[in-house]
Amino acid sequence: MYIINTEYNIPHNKYLIHTIDYNCCSRLTTQPLYFVISSSLIFSVQPAMLGRAVLSRTIHATRGLALPLQPTYKTADLLRSTSTKSVSVNLLPLWRGQGKQGVRYAPGILLSKLRELSPSITNTNYITDSDLNKLRTTDEFVSALGDLSSEVNTGEEGGLVVNLGGDHAIPIMTIPVMLKRHPNLRVIWIDAHADINSPDSSPSGNVHGMPVWFLSEASKQGGMPLDRLVYVGVRDTDPVEVELIEKYGIKNYTKEDIDKRGLATVVMDIINRLELFDNPVHISFDIDALDPSLAPSTGTKVPEGLSVEDVVGVFSAIKKTGSLVSCDVVEFNPLIGTEGDVERTVKSIETVLREIIR
């Protein structure tokens, strides 16, 4: 039995948790315990073991909160197994969203790594290079991606969809089909860039810097509410993007936030903000979110990025909510850098892929 005297603040409520009896299933840590509160659910989480601490008996709380002696939900339902039941893979060799063709070769390389990690992955879907990369105007290009979204495999019920790009325009295909299947879908955008420029505001004119704009309420084409999206690792924004982020109140969890507050605290804030115990989530991971020392083979590097452990920690914690339904992995370009750069980049991506399908 551990006696805790910890206040946890959430809007309009303040709970004082006195007694928690739990079985953590692994090594104990002297770090403070944190608490996740969602509807009638409270359970404890140790920072080093996010999602593995198990509520087992009694919680007493002040302010007249009457919690049952036994939790409303079964532990097995709350802390679902992190192993993925089935994995469906979409190969999307899109490069027209920017100007460097090398990203078209990434899906095949990354699929080979996925199959090394899990030979049982056989459900793969390939949208051809010729369909994706015809020369078009921006409006025609975005319209064509929207049409091609119907060809994206949305996977089996309860499984996970992994989309291998390609550049970061692929969410214009991958997110709409998941929104049709999960109308309350949330999005975690892990990237060095906000990708919320419009065709008029973009300095480069590259569509891989516009997908959030096209997908969301910021544009006439989109409709996804931006309070359902958070950024992780964004550190390079254009002036119009800053204005839109402020206008719509989009939360950005920076590397500084993670280092200062701790990854566990940041991830629990994401879970609560997006209500991920009750809603499905798509994670769009651009490898330029990583520090360039860890992923040099990408086209738009920005210094002072995330660590591989940061990204793995986000995927791991979100998977443990049971809400992760799909993800993108984009912007690996094997034609950028030395052989050593490419190997280092592949190693970083492989570490993240291992966690995604674990």
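Student: Quick one to start: does Val-311 count as buried or exposed?

Tutor: Val-311 counts as buried, because its relative accessibility is 1% and the cut-off for buried is under 20%. Keep in mind that this is a predicted model.

Student: Okay, and where is Val-311 found?

Tutor: Val-311 is in helix H10.

Student: What is Val-311 in contact with, leaving aside its neighbours within four places in sequence?

Tutor: Its contacts there are Ile-190, Phe-285, Leu-290, Leu-306 and Val-352. Val-232 is worth a look too: it sits 79 residues from Val-311 in sequence, yet the two C-alpha atoms are 9.0 Å apart in space.

Student: You mentioned Val-352. Which residues make the contact between H10 and H11?

Tutor: First the geometry: the axes of H10 (residues 308-320) and H11 come within 9 Å and cross at roughly 10 degrees. Angles under 35 degrees count as roughly parallel, and H10 and H11 are therefore roughly parallel to each other. From H10 the contact uses Val-308, Val-311, Val-312, Phe-315, Ser-316 and Lys-319, and from H11 it uses Ser-348, Thr-351, Val-352, Glu-355, Ile-356 and Ile-357.

Student: How many of those are nonpolar, polar and charged?

Tutor: In the contact of H10 with H11 there are 7 nonpolar, 3 polar and 2 charged residues.

Student: Which residues make the contact of H2 and H11?

Tutor: On the H2 side, Leu-110, Lys-113, Leu-114, Glu-116 and Leu-117; on the H11 side, Val-346, Ile-349, Glu-350, Leu-353, Arg-354 and Ile-357. By class, the contact of H2 with H11 has 7 nonpolar residues, 4 charged ones and no polar ones.

Student: Switching to strands. In what order do the 8 strands of the open sheet come?

Tutor: The order is E8-E7-E9-E14-E13-E10-E11-E12, and the pairing is parallel. At the edges are E8 (123-126) and E12 (251-253), each of which pairs on one side only. From one strand to the next the twist averages 15 degrees.

Student: How many bridges join E10 to E13?

Tutor: Parallel strands E10 and E13 are joined by 5 bridges. Trp-189 stands opposite Ser-284 in E13, and Val-187 has His-282 as its bridge partner in E13. Going to E11 (residues 229-232), E10 is joined by 4 bridges, again running parallel, and there the bridge partner of Val-187 is Leu-229.

Student: What about E13 and E14, over how many bridges do they pair?

Tutor: They pair over 6 bridges in the parallel sense. Val-281, for one, has Leu-324 of E14 as its bridge partner.

Student: Which strands does helix H5 lie across?

Tutor: Helix H5 (residues 171-181) lies across E7, E9, E10, E13 and E14, and runs at about 175 degrees to E14.

Student: Last thing, the big picture. How many helices and strands are there in the protein?

Tutor: The protein has 11 helices and 14 strands. Buried residues make up 54% of its 358 residues. Among contacts between residues at least 6 apart in sequence, 71% join residues at least 24 apart.

Technical notes. Residues are numbered from 1 along each chain as its sequence is written. This is a predicted model: local features need pLDDT of at least 70, side-chain atom pairs count only at pLDDT 80 or more; totals for chains, interfaces and linings use all residues. Side-chain values use heavy atoms; hydrogens and water are left out. Contact means heavy atoms within 4.5 Å. Helices (H or I, at least four residues) and strands (E, at least two) are DSSP runs, numbered from the N terminus. Ala, Val, Leu, Ile, Met, Phe, Trp, Tyr, Cys and Pro count as nonpolar, Asp, Glu, Lys and Arg as charged, and the others, Gly among them, as polar. Two strands pair if DSSP finds at least two bridges between them. Axes are lines fitted to C-alpha atoms, for helices over the stretch in contact, and angles run from 0 to 180 degrees between N-to-C directions. Angles under 35 degrees count as roughly parallel, over 145 as roughly antiparallel, 65 to 115 as roughly perpendicular and the rest as oblique. Buried means under 20% relative accessible area, exposed over 50%, partly exposed in between (1.4 Å probe, protein chains only).
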